[in-house]
Amino acid sequence: MAACGKRKSEDTEEAGSSDGRTRSNKRTSRENQSRSGDRRSAGQSFVEGAIVRISMENFLTYDNCVVFPGPHLNMIVGANGTGKSSIVCAICLGLAGKPSFIGRADKVGHYVKRGCNKGTVEIEVYKVPNNVIITREMSVSNNQSIWLLNKIPSTLKLVEEEVSALNIQVGNLCQFLPQDKVGEFAKLSKIELLEATEKSIGPPEMYKFHCELKNFRQRERELENSCTEKNSNLEKMKQKNERYKQDVERYHERQHHLDSIAMLEKKRPWLIYEETRELYEEAKKNRDRQKEELKTLKQTQAPMIHEMTEANKQCAKLEDKIKEKIAAIKETSQKCKQQQDALEKKDKQIEDIKLALRMKQEAEIDRQKRIQNTRKMIEDWTSELENTENAENIQPLMNSLNANLRQLEEEKENIDGELNDLRKEMEILLKERKDIEDRITQFENLMNIKEEKLKGRFQDTYNALMWLRKNRHRFKKSVCDPLLLSINMKDNKHAKYVENHISANDMKAFVFEMKEDMELFLKEMRDNCKLRVNAVCAPSESFAEKRPPKPIEELYRYGFCSYLRELFDAPLPVMNYLCYQYHIYEVPVGTEKTRNMIERVIKETKLKHIYTAEEKYTVKISRYTNQSVSTNLSLKPAQYLTVTVDADKRRQLEDKKNEINKQLQSLDSQMALLSEKQKYFECKDNQLRQEKKELLDRKNKRKQLESKISMKTDSLRQMEQDGINLEEESEQANAKIKKLNTQKVKLVIDFMQLIKSYMALNEDKTNLVLENTMATFHKGRLDVEYRAATVHLRAMDVSLPFCYLTNELENIPNVCVVIYKRVVHIVPR
């Protein structure tokens, strides 16, 4: 195929190169139409289903383009980026193919030219008698397509049926092989290649017959496998039958033995009957004999039971008498305890009387001592009152101290006011510093975001960055972070120009000022840390300040706004390297206006690299024709430099923060001086107040002494009136004690009588206990004899279980009946 691209401008140049040759030609729309008529007139050489015309509007790199393929082999030759693959995509999508067949974008909207809302592909296919025209309109907004068949609205299903009727298969790699599907085509097996070729070049029934042939062959294999399996089962059944013959013989032999066992089981009851009858006779004799012995033992045991009953009655009477004596003893004991408690109570009353008398004596002695002490205190205070200074001499001193205190208070209030002003000023500065620190933190967070992006995409580079920050001291000169961290865009919308201009390897490279430092770093990373990192060395000569060949003001008329160097900030080594390696100081950035007049810009400016709003143009001079050859590429969206940090603003914030810190230090020193003055005035105030207190104490001391002397005189008078007559109190106490002793004597006599009665009751109780012990002993002896006789009787019962014998005798006739019935069955009639 041959391609002809038409731009909106009339003088568009079309360049195609093959084997080092370049061709350029200009065709008008009228010439294209005449050529289209010539191609259609040669329709008899086309085969049915051949593409006659391909028309593209706003499709990928084309604004409007029509291609007329020939009836035989067609080839499209051109440099990279001229739109060869775009024609292949148009063929696939125009013939009802899915975007997945191409292997590029997954939505049809992505094939519409950037900046347009709708794109159109129209393909005319040869068919007798009339050609088929298929039109597909693709929308960016909803990724939907509108189909037209011969200029009539249609559906995707009808278009697919029409394409299939012409034996066009864009999904078959043997008929339509896009560039991105070559790898998938190479992986096809021989069988898959054969089937795809049959679908592509053979008649429709060929693939169907091939599938039926494969099914018949599969069925034949299944039948062969089934026959082999059944033959194997037949052999297994024969072997199994041979094994079962031996099992049948063993079964018959076992049945014979079982019949013999059954006959012996039938003869067994005769023997059981004879043994049971003999046991019955013997048991009957033993029962009669032991009945007589048991009767004799019971007759000899009756007198012993009578004696035991009498002994139990006697023991019960003695125990009743002992209980009565115990109750009497308990009652007498309680009375003794009551008498004893009464005696102890009288003793306690006597002690209380003596204690009260002793306390009154001690109180009287204490009263005499207090009287003496009070008189002495009155005498001392009286002598001190005579020596105390008069209050009239103290008042002038008090007035002078009050004046000094008022002056001191005024000075303290002035210092407090100054301190409060300084504190408010400090609070304002601290608040302002906090706001600045928060804004600096926001800048640091942006840098952290860039580092997280680096970590997510280039883990080795991130690990190397962490190592570098810990080991910067090992290098002679400064080392810059990777370019994607060092470069700071002034406006993030310009990030795509920088990222498309600088290679991906350099974007993650560290920048060194010395080659020795770079070699040391790479050796450490690659040999010791096993990390794959990139590093570059900035040139020793300064390129960062190099001027562009043309001032940017001269390029404004072409739509250029700035050179690439002015779009970002970077450390000096980084900027030096980028200017040296990528010549960013002479690469201008334009707008859509530049894109619209790109041919004029290329001719007049002679620039090697040009950026428009969405494209990059590279201009080269052909060695053969000395003509300019330009290539354009769509700009990829920015990935790394979209996060921007305003370096100037951050620097201003840092300077402002340092200035605030200096002001805060100055305020701290001023507050320290004022605090020292405040402490001095506080000490002086305390001293004056202490002197004032001492003067007040001296002034009030005379009044206090007079008041104390008056109070103590009244107290002395009261103590002298509160005297106690000890002789009278002693006589009253002796009379009370005598009366209580008389009551004690009477209680002691009653207590002695109760003790004697208690002794007599205990003696009677002891005699009764002795009699009860003798009776219990006699009862125990009888009990032992009775137990021995009972043991003997039980032994008789054990030696002849009468119940068992009786049951046996009753069961023997029943057993005989059962045996008889079994014998009847055994004996043949």
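## A guided tour of the model

The structure holds 28 salt bridges, each defined as a side-chain nitrogen of Lys or Arg within 4 Å of a carboxyl oxygen of Asp or Glu. This is a predicted model, so local features need pLDDT of at least 70 and side-chain atom pairs count only at pLDDT 80 or more, while totals for chains, interfaces and linings use all residues. Residues are numbered from 1 along each chain as its sequence is written, and side-chain values use heavy atoms, with hydrogens and water left out.

**Salt bridges**

Start by selecting Asp 481 and Arg 472, whose side chains meet in a salt bridge at 2.9 Å, N to O. Asp 481 is buried at 17% relative accessible area, whereas Arg 472 is partly exposed at 33%. Here buried means under 20% relative accessible area, exposed over 50%, and partly exposed in between, using a 1.4 Å probe and protein chains only.

Next, pick Lys 490 and Asp 569, a salt bridge with an N to O distance of 3.9 Å. Lys 490 sits in the loop between strand 11 (488-489) and helix 11 (495-501) and Asp 569 in strand 15 (residues 568-569), so the pair ties together parts that are 79 residues apart in sequence. Helices (H or I, at least four residues) and strands (E, at least two) are DSSP runs, numbered from the N terminus.

Now go to helix 16 (residues 598-605), where Glu 604 and Arg 600 lie 4 residues apart, about one turn of the helix. Their side chains form a salt bridge at 3.1 Å, N to O.

**Helix 9**

Select residues 459-470. Which residues of helix 9 are buried? They are Thr 461, Tyr 462, Ala 464, Leu 465, Trp 467 and Leu 468. The 12 residues of helix 9 should span 16 Å at 1.5 Å a residue, and its end C-alpha atoms are 17 Å apart, which agrees. The expected span is 1.5 Å times one less than the number of residues.

**Backbone stops**

Most residues other than glycine have a negative phi, and most peptide bonds are trans. Zoom in on Val 128 and Pro 129: a cis peptide bond joins them, with omega about 5°. Pro 129 belongs to the loop between strand 6 (118-125) and strand 7 (132-139).

Then select Asn 143, which has a positive phi near 55° and lies in the loop between strand 7 and strand 8 (145-149). Finish at His 583, another non-glycine residue with a positive phi, about 50°, in the loop between helix 14 (572-582) and strand 16 (588-589).
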